[in-house]
Amino acid sequence: MGHISNSYLDLQKRLDKSPQTAPISDTLFQILEILFTEEEATLVSKLPLKPFDLATAVKVWKIPEEKAKEILYELADKALVLDFISGDKMMFCLAPPMAGFFEFSLMRTDGRFDRKILSELYHQYLNVEDDFVPTLFGLEVPIDRVFVHEDTIQDADKSVILDYEKASEVIDTATCITVGTCYCRHKMEHLGKACDNPQDVCLTFNNAAASLSRHGVAKEISKDEAHAILDQVRKLGLVQIGDNRQSGVSWICNCCGCCCEALLGYKRLGYSSNIQSNFEAQIDVDECTACGICVQKCPVDAMTMIETADGLSKAQVNYDRCIGCGVCARFCPSEAIRIVRRKELNFTPVDDFERYIINAIETGKLPNLVFDNFNLWSHKILRRLMKIYIKLPKVKRSLVEDQLQSRYLKKMVHLYKKYNKGKLDNFDLDNYTHPELHPTKE
């Protein structure tokens with residue numbers, strides 16, 4: 001690894017403190033050097049993990065308010081930081097690499113970044129090197145999930161599909177919607193590997209959409225226009241993959257099996273990610289004409305042709321691979337494929353905060369989230385203390401609790417116990433809420 005300035009080393013360490021992580025790599029440093037100036041890298045490395053306001057940035061950076069505001073808005077213009085209104089305050093948060101500033105840098109068409117060079121670097125970091133993708137898509141509670149094609153669901157199951165499982169509901173309830181360039185296909189275009197599917201179909205919603213629109217990264221559209229895009233991409237056989245939370249969904253991508261980062265990662269990691277919808281394909285072998293269209297259309301190679309006992313060729317579903325998107329049923333000319341409700345349903349976090357906490361626990365990054373002022377030596381000590389504390393046997397944890405008498409620490413450990421199922425106490429994630437740690441609304 002060649003000479004890298006301390007600014008970018010510190011920024012990599014800051015990114016790596018989040019549950020998503022950002023494994024160290026020469027390629028990553030090349031990406032960061034394109035996206036961030038050295039001054040920006042130094043300042044961003046000091047930002048908290050949680051959303052913050054201007055006053056917090058001033059305090060952390062120790063610079064005048066006007067200068068801090070100028071830097072934050074420049075970072076937002078580059079879509080490295082997202083800005084949003086909460087109450088009567090403008091709040092900010094550093095976008096994660098994915099889904100975040102990797103995608104946003106290729107969405108923009110204003111020439112600010114060299115998209116060809118970035119595409120080549122992203123391909124190297126995500127598709128060639130073997131550190132980032134396994135961590136990102138190996139999370140037990142993933143960052144993304146599949147939205148089933150609602151119109152392919154059997155009538156018997158239409159009454160049980162929940163609102164948050166519908167891409168159409170995300171559109172109907174959004175406060176702001178934007179459309180931008182598909183990161184995945186645009187990246188592949190620069191590598192000479194893109195398919196013919198449209199690129200201007202990447203949808204963002206709510207606070208993320210408002211920020212991208214405000215800074216000219218994506219184009220604001222109406223709900224009718226968003227529904228038209230959804231109808232278009234479904235007819236093309238694309239899969240809707242979006243934000244894995246029940247409320248406040250930030251993005252839905254329209255994905256193909258040849259270019260999409262999520263689907264490529266799903267196949268690359270042995271179909272182990274928990275991204276599937278709560279539906280699956282079911283074949284009526286008596287109706288199957290063995291045309292093979294479902295095999296061609298399935299984006300994750302979950303459909304195969306087999307020979308039956310009577311010597312006939314029929315389609316078969318590999319349920320270890322099926323993501324429940326509905327594409328196969330849409331194109332089956334004999335209507336032999338039904339999309340039915342799974343017996344075991346995936347857990348979907350209520351919101352981004354809940355997913356973030358779970359991912360932090362899963363990756364051992366919870367102390368970074370609780371004590372996220374990276375300028376304070378006291379927070380550094382407390383992060384180390386908490387990492388040690390949550391690994392202690394129950395008796396020793398009790399001794400520490402008695403000595404520290406910290407109600408907040410007890411609540412954090414209580415939450416850790418609940419979510420860290422199989423390691424500490426058993427916990428029913430589907431029935432848990434987290435009022436004690438939910439952020440106070442402005």
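# Reading strands, rings and a core

Colleague: Which residue in S9 is the bridge partner of Val239?

Modeller: In this predicted model, the bridge partner that Val239 finds in S9 is Cys255. As a general idea, the strands of a sheet pair through backbone hydrogen bonds, and the pairing is either parallel or antiparallel. Here strand S8, residues 239-243, and strand S9, residues 251-255, pair in the antiparallel sense, with four bridges between them.

Colleague: Over how many bridges do S4 and S8 pair?

Modeller: Strand S4, which covers residues 144-147, pairs with S8 over four bridges, in the antiparallel sense. One place to look for this pairing is Asp144, which stands opposite Asp243 in S8. Strand S8 itself is mostly covered, since five of its five residues are buried.

Colleague: What is the order of the strands in the open sheet of six?

Modeller: Reading across the open sheet, you meet its six strands in the order S4-S8-S9-S6-S5-S7, and the pairing is antiparallel. The strands at the edges are S4 and S7 (219-220), and each of them has a single partner strand, so one side of each is left without a neighbour in the sheet.

Colleague: How many bridges join strand S11 to strand S12?

Modeller: Strands S11 (residues 303-307) and S12 (residues 313-317) run antiparallel and are joined by five bridges. Within this pairing, Ile306 has Lys314 in S12 as its bridge partner. The two strands form a hairpin with five residues between them, and in this hairpin Gly311 takes a positive phi near 85°.

Colleague: Which residues have the most contacts inside the largest nonpolar core?

Modeller: The general idea is that, in soluble globular proteins, nonpolar side chains tend to be buried together. In this structure the largest nonpolar core has 94 residues, and those with the most contacts inside it are Phe36 and Phe102. Helix H6, residues 97-107, gives the most to this core, contributing six residues. A second, separate core has 21 residues, including Ile177, Met188, Ala226 and Ile252.

Colleague: Why does Phe102 count as buried, and which residues does Phe102 touch?

Modeller: Phe102 counts as buried because its relative accessibility is 0%, and the cut-off for buried is under 20%. Not counting residues up to four places away in sequence, Phe102 touches Leu28, Ile31, Pro97, Tyr122, Tyr125, Leu126 and Tyr183.

Colleague: Why is the pair of Phe102 and Tyr122 described as tilted?

Modeller: A pair of aromatic rings is described by the distance of the centres and the angle of the planes. There are 10 aromatic pairs in this model. The ring centres of Phe102 and Tyr122 are 4.6 Å apart and the planes stand at 35°, so this pair is tilted. The pair links distant parts of the chain, with Phe102 in helix H6 and Tyr122 in helix H7 (residues 115-128), 20 residues apart.

Modeller: Tyr122 also forms a tilted pair with Tyr183, at 5.7 Å centre to centre and with 55° between the planes. A single aromatic cluster takes in Phe36, Phe101, Phe102, Tyr122, Tyr125, Phe132 and Tyr183.

Colleague: Is Arg108 buried or exposed?

Modeller: Arg108 is buried, because its relative accessible area is 2%. This residue is found in the loop between H6 and H7. Its side chain reaches the backbone oxygen of Asp77 at 2.8 Å, and a polar contact of 3.0 Å joins the side chains of Arg108 and Asp110. Beyond its neighbours within four places in sequence, Arg108 is in contact with Asp77, Lys78, Ala79, Phe113, Arg115, His215 and Val217.

Colleague: Where does the charged end of Lys297 sit?

Modeller: The charged end of Lys297 sits over the ring of Phe331, 4.4 Å from the centre of that ring. Lys297 lies in helix H15, residues 293-297, and is partly exposed, with a relative accessible area of 34%. Leaving aside neighbours within four places in sequence, Lys297 is in contact with Val327 and Phe331.

Methods:
Residues numbered from 1 in each chain as written. Predicted model: local features only at pLDDT ≥ 70, side-chain atom pairs only at ≥ 80, totals over all residues. Heavy atoms only, no water. Buried < 20%, exposed > 50% of the residue type's maximum accessible area, 1.4 Å probe, protein only. Contact = heavy atoms within 4.5 Å. Core = buried A, V, L, I, M, F, W, Y, C linked by side-chain atoms within 4.5 Å. Phe/Tyr/Trp six-rings, centres within 6.5 Å; stacked < 30°, edge-to-face > 60°. Lys NZ or Arg CZ within 6 Å of the ring centre and 35° of its normal. Pairing = 2+ DSSP bridges. Polar contact = N/O pair within 3.5 Å; in protein donor to acceptor, adjacent residues only side chain to side chain.
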